[in-house]
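The sequence and structure are shown first.

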Amino acid sequence: MSREYKYQNETGTKIGKWYLNRLDYFEFYGFPGEWKIKAKCLVCLGLSIWLTKLLQILLAPIFLWAAYVSVRTLVILIEKKCRYRGYFLFPKKIIDFLREYRKDVDVTDFDSLSTAEKSGQETQIAKRTLTRKYKG
């Protein structure tokens, strides 16, 4: 049985892949001027498609890249979820801007710690955090 595509990063396997994805992705709050960015993305998408058809084939990759960035930004802003490492050919400046508005996630809860420990990530931090929790 497979998961629907839209839940792929939110639910996981029996070993807790959802918590690994929670460590790979961050959610962010809405921010002032978000609708302006969405409008600029739509305008940029329309212009890049129009200019791709209008101008020479040599400039097409530049306009297609602008269309890709516009669509990816719109998707990120609608979902309010973004990868920490970024996306293929996507400006890091946009991701750094969105990190300023990210929601706090408690990575010290039991499920996150056990999943991080099983995957080999953050093993030392998990052990230190658990030791501090139960000693004091």
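Which residues make up the largest nonpolar core? This is a predicted model, in which local features need pLDDT of at least 70 and side-chain atom pairs count only at pLDDT 80 or more, while totals for chains, interfaces and linings use all residues. Residues are numbered from 1 along each chain as its sequence is written, and side-chain values use heavy atoms, with hydrogens and water left out.

The core consists of twelve residues: Y25, F26, F28, F31, V69, I76, L77, C82, Y87, F90, I95 and L98. A nonpolar core is a set of buried Ala, Val, Leu, Ile, Met, Phe, Trp, Tyr and Cys residues joined through side-chain atoms within 4.5 Å; buried means under 20% relative accessible area, exposed over 50%, and partly exposed in between (1.4 Å probe, protein chains only). Two or more core residues come from each of β1 (25-27), α3 (60-79) and α4 (92-99), and α3 gives the largest share, three residues. Helices (H or I, at least four residues) and strands (E, at least two) are DSSP runs, numbered from the N terminus.

The expected span of a helix is 1.5 Å times one less than its number of residues. For both helices below, the two spans agree.

In α2, E34, C41, L45 and S48 are buried. These buried residues pack against α3.

Key: Contact means heavy atoms within 4.5 Å.
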